[in-house]
Amino acid sequence: MSHSPSQSDENQVCVIIGASHAAAQLATSLRQQGWSGPIRMIGDEGGLPYQRPPLSKAFLCGEKDADSLIIRPSAFYEKHEIEFIPGRVTAIDRVAKTLTLADGSEQHYDKLALCTGTRVIRLPIQGANLGGVHYLRTLADVEGIRRELPDSGRVVIIGGGYIGLETAASLRKQGIDVVVLEMAERVLQRVTAPEVSAFYQRMHSEAGVTIETGTMVAAFEGEERVERVVCADGRFYPADMVIVGIGVRPNSELADAAGLEIDNGIVVDEYCQTQDPDIVAAGDCANQWDPRSGQRRRLESVPNAVEQAKTAAATLCGEKIPQISLPWFWSDQYDLKLQMAGLNQGYDQVVIRGTADSGCSFAAFYFQQGQLIAADCINRAPEFMLAKKLLSQKQTADMTRLADEAIPVKQLMAELTTSS
Amino acid sequence: MGRMTFIEHDGTRHEVEIEADKSLMQHAADNMVPGIDADCGGECACGTCHVIVDEQWFGKTGAINSNEKQMLEMTPEGAPTSRLACQIEVTDALDGLVVHLPEFQM
Ligand SMILES: Cc1cc2nc3c(=O)[nH]c(=O)nc-3n(C[C@H](O)[C@H](O)[C@H](O)COP(=O)(O)OP(=O)(O)OC[C@H]3O[C@@H](n4cnc5c(N)ncnc54)[C@H](O)[C@@H]3O)c2cc1C
Ligand code: FES
């Protein structure tokens, strides 16, 4: 574990731009791997890294407070001499190895880590600047939402992706009327099979949420605050508040201006290295080469940010370990815990274990040319653990046996362990 | 102030001080105890904060919800006193607690 930086200079400075999931892990991993020089983390949200996932879940429900979101307490950073600098980096000079901050100050670096994440895509429609129109990415965003949240009344959510649906569930649980407007023909269209989309539409409608798919939003109307959402087909929905969740874009402009390669994010290899040997990138902003699939991929998840940060830290310490961990993700809505393993892009067959059209627990296994590539498990933790194991060992599974609930997951798992 | 001990698979011991209002997983993370990945940050979603509680302490670690139970049942190195560290609320009653870490988290 105690590996020291390849350059013997003990006072090399590592600067991390961004202060969220990737940055927090990168700083910690650097120390764990023996980085002895100064570590400085510059973030523009004003405070230390915090957990983003609860923003649309427990925090929006009021079940968690801001303090409990913090990833690690300030004492931790002090103890390990990780300095947090509030501020926004506006330029990188790769020749002089300096950064310029918005307040005009400069920071020198020997090694640089880009953990700039993503930002929300804004809806460029009429009325976009009215009061009561919100986005949901940062703690400040959700504090704003919570301050204005009507006791009763109606919130219209634009976008039926994970964040939109989690937000709908969290608000509905508080007794608020919720309408979700989705442009595609089904919710979660980009990320799941039709069976899973239909399941979530059913669960939301049973909870009293109205979901309108195939619906294009054209304008927000109102005096000073939004009062109505108008759709392209002329339908309209009264609204006391609007929350837009239509996706994010990587923060790669800084890297772009510094001459690094950009393609849907900052291009890095399997070691999280950019073309500049002194600069790594990790997390939502990084588009990483995956040697196993022979493709680049940019993922938006905490596990990915954490794994890439570990890889990037190792790279900075002169130890090259390719990142090949299994992608996974989770989503909480009502009492439904969705756990996903693998990536389902390019699937040609879906096998369902349990029933998707009644009850509230099943698993969907995705196959491509007979090979298991991913699984969505809803209130099915055992199936999720099985899928993680199958996928990380690159094993496939017999479709009929997977679908057969008479065979316990434990047995499928045991067969696997003995056959491998 | 109370203390707890994490013992790695290879026998390395880590003593940590009890801090109020933190889960056992958070104690491990804040003290850089290796071997607890905690990929989901404590949401009971990943199963990578598995610990095996010393038998005499198991009864004091609190209730196990069904989700945690299901995940633990599938953990390769699972034992009768297995827990997910993020689901253990640490109080002074756990002063002296000893937990063992599995060889791998999955
Ligand atoms: C509401 C919500 C719910 C989510 N739920 C889940 C979930 O259940 N499971 C899951 O796995 N993932 C979830 N995610 C996604 C997850 O939060 C992200 O994948 C993760 O935050 C990525 O971390 P990151 O460090 O790469 O980037 P970010 O979290 O985007 O952080 C980047 C930081 O860098 C700062 N920054 C950018 N540019 C600069 C600059 N020039 N100078 C200084 N600072 C800068 C940004 O302001 C930001 O603070 C959710 C996201 C949201 C918004
Ligand atoms: S930290 Fe993920 S289950 Fe405990």
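In this predicted model, ligand 1 is surrounded by 35 residues. The closest of these are A:Ser20, A:Asp44, A:Glu45, A:Arg52 and A:Lys57. Sorted by class, the shell around ligand 1 is made up of 15 nonpolar, 12 polar and 8 charged residues.

Some of these neighbours can be followed down to single atoms. A:Glu45 places a polar side-chain atom 2.5 Å from an oxygen atom of ligand 1. A polar side-chain atom of A:Arg52 is found 2.7 Å from an oxygen atom of ligand 1. How much of ligand 1 does the protein bury? On its own, ligand 1 exposes 990 Å², and the protein buries 96% of that area. Several elements of chain A give two or more residues to this shell, namely α1 (21-32), β2 (39-43), α7 (302-316) and β22 (328-333). Of the shell around ligand 1, the largest share comes from α7(A), with 3 residues.

A:His21 also takes part, through its backbone: a backbone N or O atom of A:His21 lies 3.3 Å from an oxygen atom of ligand 1. A:His21 belongs to helix α1 of chain A. Is A:His21 buried or exposed? With a relative accessibility of 10%, A:His21 counts as buried, because the cut-off for a buried residue is under 20%. In space, the C-alpha atom of A:His21 is 7.0 Å from that of A:Gln51, although 30 residues separate the two in sequence.

Attention now turns to the aromatic rings. Over all chains, the structure contains 7 aromatic pairs. A:Tyr347 is partly exposed, with a relative accessible area of 29%, whereas A:Tyr366 is buried, with a value of 0%. Elsewhere, A:Phe199, A:Tyr200 and A:Phe362 are linked by ring pairs into a cluster.

A:Arg122 lies over the face of A:Tyr135, 4.3 Å from the ring centre. Likewise, A:Lys388 is placed over the face of A:Trp328, at 5.6 Å from the centre of the ring.

Which side chain does A:Asp276 contact? The side chain of A:Asp276 makes a polar contact of 3.0 Å with the side chain of A:Arg94. A:Asp276 is located in the loop between β18 (266-268) and β19 (279-281) of chain A, and is buried, with a relative accessible area of 9%. A further polar contact, at 2.9 Å, joins the side chains of A:Lys111 and A:Asp278. A:Lys111 is part of strand β7 (residues 111-114) of chain A. This lysine, A:Lys111, counts as buried at 7% relative accessibility.

Another lysine, A:Lys394, has a relative accessibility of 54%. A:Lys394 therefore counts as exposed, for which the value must be over 50%. Its place is the loop between α8 (381-392) and α9 (399-403) of chain A. The C-alpha atoms of A:Lys394 and A:Gln371 are 8.8 Å apart, with the two residues 23 positions apart along the chain.

In chain B, two residues deserve a look for their backbone angles. B:Ala38 has a phi near 50°, a positive value in a residue other than glycine. B:Ala38 lies in the loop between α1 (24-30) and β3 (50-53) of chain B. B:Cys44, which is not a glycine either, has a positive phi of about 60° and is placed in the loop between α1 and β3 of chain B. Are these residues buried or exposed? B:Ala38 is buried, with a relative accessible area of 16%, and B:Cys44 also counts as buried, at 6% relative accessibility.

Key:
Residues are numbered from 1 along each chain as its sequence is written. Chains are lettered from A and ligands numbered from 1 in the order in which they are written. This is a predicted model: local features need pLDDT of at least 70, side-chain atom pairs count only at pLDDT 80 or more; totals for chains, interfaces and linings use all residues. Side-chain values use heavy atoms; hydrogens and water are left out. Rings of Phe, Tyr and Trp (its six-membered ring) pair if their centres lie within 6.5 Å; planes under 30 degrees apart count as stacked, over 60 as edge-to-face and the rest as tilted. Buried means under 20% relative accessible area, exposed over 50%, partly exposed in between (1.4 Å probe, protein chains only). A charge sits over a ring if NZ of Lys or CZ of Arg is within 6 Å of the ring centre and within 35 degrees of the ring normal. A residue is near a molecule or strand if one of its heavy atoms lies within 4 Å of it. A polar contact is a pair of N or O atoms within 3.5 Å; within protein, one must be able to donate a hydrogen and the other to accept it, and residues adjacent in sequence count only if both atoms are side-chain atoms. Accessible areas come from the Shrake-Rupley method with a 1.4 Å probe; for residues, only the protein chains shown count as cover. Helices (H or I, at least four residues) and strands (E, at least two) are DSSP runs, numbered from the N terminus. Ala, Val, Leu, Ile, Met, Phe, Trp, Tyr, Cys and Pro count as nonpolar, Asp, Glu, Lys and Arg as charged, and the others, Gly among them, as polar.
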